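Here is a short report on one protein chain. Please look over the sequence and the fold before reading on.

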Amino acid sequence: MSKMTYVYKKNYILIFNKTNVDTDKIFHDSSVNEAIAQIYIYRRFKRANTKAMNDPVPRSVKSVKSRLDTINQSEDFGKRPANVSRVQSHFLVPSDKLDKVTRRVIAPYAQIERKGLKEEEVKEGTYLDINRFNVFLEDTVDLESLLYETANVLKTITNSSGVFLYIVNKLKNEIVLMTQNTKNPERHEVNIPIEEGKIIAAHVAATKTYLHVEDVQRDRRFSEGLKWIDAKVALCMPVVKPDGDCYAVLELYRNYPEAYDHNIVYTVISVSCWAGAAVHQAQERVTLQRTAHLNQELRALLHNYFCDLASLDTMLTDMLAVIKSFVGAMRSSFFIIDKENVSGNLLADMWDDGWGTERSTIPRKKMRVNLSQELTPAGLVAKTGEAINVRDAYKDPRFSKEIDPTTGTVVRSCLVSPILDKKGVIGVVQLTNKTNSQPFSVEDEVVFEVFTSYCSLIVHFNNMQQQKIYHENLNKVYNDLMHLHLSPCRHDMDEIMETNGIILPPSNFKSYNYHISEGSKEDMPGLVCHMFVETFADKKFERESLADFTLTILSCYRNNPYHNAEHAFCFTHTMFLILTNNNGYFDFVETAALMLSGLCHDLDHPGYNNNFLSLCKHPLALMYRSSMLEYHHYFLAKKVIETGV
C-alpha cells in the first residue's frame, strides 16, 4: 500500500466501516489508487517548481515540461513511448494501470495514454479541463464550482438521470442546494436543516456516511425522499475533509429502477475522498496565505512604531485598520485593562475606531469604561479570559441588550479575544459585525488569533512606556530627596568657613607617614580643602562651594570598618603628595581627575565585595553585569558633581 493510499485510508476509514463496501479492495486495488497517486505526485512536483513557473515561458511549454518531469521521476508508471505527441494535459496515465470505469472518472484530471490511436482519433468527452482544475486548486477558492463540475462528471459516467450538490453550512447547521443558473444565489438560496431520518441528503450530512437507496419511493426511513424529484434509485455521498468535517453532499439519482453496482459505488467513494482532501488543502492554503500576509503587514507596522517610539494612539489606529480590512469587520475596539486599579471594578482604557464607512485616520473614541457594569462581550471575555465568537447576538442569552453600551453599536455578531500575560488578562480586542452581514467564520478566528498575538506586544509596550514615565519621575523625586539629605549641616558650614575653609596642617602633613588618626578626624574637611588649594595653587576656588562639596562627599561614606571617610582621606592625601612632589607631569584636567577620584573612589561602599553582592543578588548586581561597586561609586560621584550638591 502506498503512502498516499495509507493517508486516505486513515482519514476515511470511518466512512468505509459504516458501509458494505469491501475496504481491502478499495485500498489494495491498483486502479483508482494509481490514478490518485499520479495526481498527488504531480501536485507536489508543481509546488517544488514554483520559482521556475514564474519565468516568462508559455503555459503550454511549462505544462509539458512538468508532465515529462513527473513521468521520469516515477519508475512504476513506465516510460513514455517516443511516438506519443505532446498534448495540453499536465501528465499521462498509462492505460494498462486503469480499469474501464476508473478511466472515465480520471479523464477530467489526466490525459490517458491510448496506444495505437492517432491524436485526431481520440474523442473528446464531457469532462473537466485539467488546466482549469489546477487553476481552481492553486489560484482561487471557488471550490463549489469545481465540485459542481465534478458532480456533473459523475452523473455522466455513472449513467445517472441527474445530480444535486449540497454545500454544508456549519454555522446554521443546514445544507444549501447549489445551482449554476441563478444570477443571485443568495436571494434564491434553498436551505434544508441537517437532521437524520427525514431527507436523504440531510441524513447523509448528519451521519457522514454514504447511502445507496435502491427504492426511494418505498424506503420508509425517509419521509421526503430526495425532496426535489420522484426518483427510483439514489446514491448520496458525503464529501468529508481529513479533519472530519463534512463539506458537501453529492446526490446522484436515476429515474429508472436500476441500482448502482459495486464498481460505481467504489468509484464515487474514491472521487469523493479525493475531493474532500482537495477542499481541505485549498482551505488551509488560503488561511495560511491570509495569516502570512497579515504577519507581514503587522511586523512592518510594529517595526516602525518601536523604532520611532510612536504613540499608542497611532499604533492602535493602524493596527485596527489592518485587521478590519483582513476580516471584513465594520467596527473594531481595543481595551487595555487597568491592572493598577484598586476600586474592585474592571476598568479599562478603550479605543474605538468608529464605523468602517467613516474615513477617519484617528480613533473615534478614547475613553475610560467600566467592563464590570454591563453584560457585554468585552466584559465577559475580560472576566473569563476565553475568546468568544458570537454568531447571533439577538439569540445569545448571555447578553441582554442589543446595543453595546461601551461602543454604542448595535451588535449582530462579534469576535472577541483576550490579550493575556502570565498574570491574566491585560487587554481585549473586539470586532463587531461583518460587512457581508454574515457571522464570523472559523477562518476569521484563525486570522484574528494572529492579530491578538501582536496586540500583546502593543499592550506590553504601552505598559513599559507607562512604567518608564513613572520611574523617570520617581528618579527626579529621589534626586531632590538626595539633594536635601546630602546638603551639609549649616553649623558645619559655619565652622569651616570661620577658618576660610582651610585648617593649618600639622608639621608632618607632607610626609607619607602621616595619618589622620594622629590628629582630630573633625579636621578632615578643612584638611581636604587645604590639599585642593595647595594642589591648584594657580586656580582660585570659591570657598563656600569647595567647603560644601567636601562636606557632602565625606558624608556619603558609610560607617564601615575600612571603606569609610578616613580611608578616602588617606588615599586623597597620598595622591596629593604624589602630585605636589611631581609638578609639571600632569596638566590641570589630569590633576583634577586624580584628586576627585581619590576622594570619591569608594562613595557609599556597603562593606561587601562584588562577589558577595552577586551571590546574594543585591540590586547593584542586577543593575550591572560586572564591577558593580565601581559603577556605583562612579555613578554617585558623577551625580553629586553634576547636581552641584
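## The loop at S627

S627 sits in the loop between α20 (619-623) and α21 (628-643). Helices here are DSSP runs of H or I with at least four residues, strands are runs of E with at least two, and both are numbered from the N terminus. The phi angle of S627 is near 50°, a positive value in a residue other than glycine. Most residues other than glycine have a negative phi. S627 has 36% relative accessibility and counts as partly exposed. Buried means under 20% relative accessible area, exposed means over 50%, and partly exposed lies in between (1.4 Å probe, protein chains only).

S437 also has a positive phi, near 65°, and is not glycine. This serine is found in the loop between β16 and α13. At 53% relative accessibility, S437 counts as exposed.

## Basis of the model

This is a predicted model: local features need pLDDT of at least 70, side-chain atom pairs count only at pLDDT 80 or more, and totals for chains, interfaces and linings use all residues. Residues are numbered from 1 along each chain as its sequence is written, and side-chain values use heavy atoms, with hydrogens and water left out.

## The chain overall

The chain has 21 helices and 16 strands. Of its 645 residues, 45% count as buried. Take the contacts (heavy atoms within 4.5 Å). Among those in the chain with a separation of 6 or more, 61% are between residues 24 or more positions apart.

The accessible surface comes to about 35500 Å². Carbon and sulfur atoms hold 51% of that surface. Areas come from the Shrake-Rupley method with a 1.4 Å probe; for residues, only the protein chains shown count as cover.

## Salt bridges

How many salt bridges does a search of the whole structure find? The search finds eleven. A salt bridge is a side-chain nitrogen of Lys or Arg within 4 Å of a carboxyl oxygen of Asp or Glu. Side chains of opposite charge can pair when their charged atoms come close.

K434 pairs with D444, with the closest N and O atoms 2.8 Å apart. The pair links distant parts of the chain: K434 is in strand β16 (residues 424-434) and D444 is in helix α13, ten residues apart. Both K434 and D444 are buried. Salt bridges with shared partners join R290, K434 and D444 into one network.

R391 forms a salt bridge with E445, and their closest N and O atoms are 3.7 Å apart. R391 lies in the loop between β12 (388-390) and β13 (403-404), while E445 lies in helix α13 (residues 442-486), so this pair ties together parts that are 54 residues apart in sequence. R391 is partly exposed, at 35% relative accessibility. E445 is partly exposed too, at 30%.

D243 and K241 also meet in a salt bridge, at 3.9 Å from N to O. K241 counts as buried, at 9%.

## Surface patches

Patches are made of residues with over 30% relative accessible area and no salt bridge; like charges are joined within 9 Å, and nonpolar side chains (Val, Leu, Ile, Met, Phe, Trp, Tyr) within 5 Å. V477, Y478, L481 and L484 form a nonpolar patch on the surface. Together they have about 410 Å² of accessible area. L481 is found in helix α13. Its relative accessible area is 41%, so L481 is partly exposed.

D492, E495, E498 and E522 gather in a patch of negative charge on the surface. Asp and Glu count as negative, Lys and Arg as positive; His and the chain ends are not counted. The place of a charge is NZ of Lys, CZ of Arg, CG of Asp or CD of Glu. E498 lies in the loop between α14 (490-497) and α15 (524-535). At 68% relative accessibility, E498 counts as exposed.

R398 is found in the loop between β12 and β13. This arginine is partly exposed, at 38% relative accessibility. Leaving aside neighbours within four places in sequence, R398 is in contact with L375, L380, I388 and V390. R398 and T376 are 22 residues apart in sequence and 8.3 Å apart in space, C-alpha to C-alpha.

T574 belongs to helix α17 (residues 565-580). It is partly exposed, with a relative accessible area of 36%. The C-alpha atoms of T574 and K510 are separated by 9.2 Å, and the two residues are 64 residues apart along the chain.
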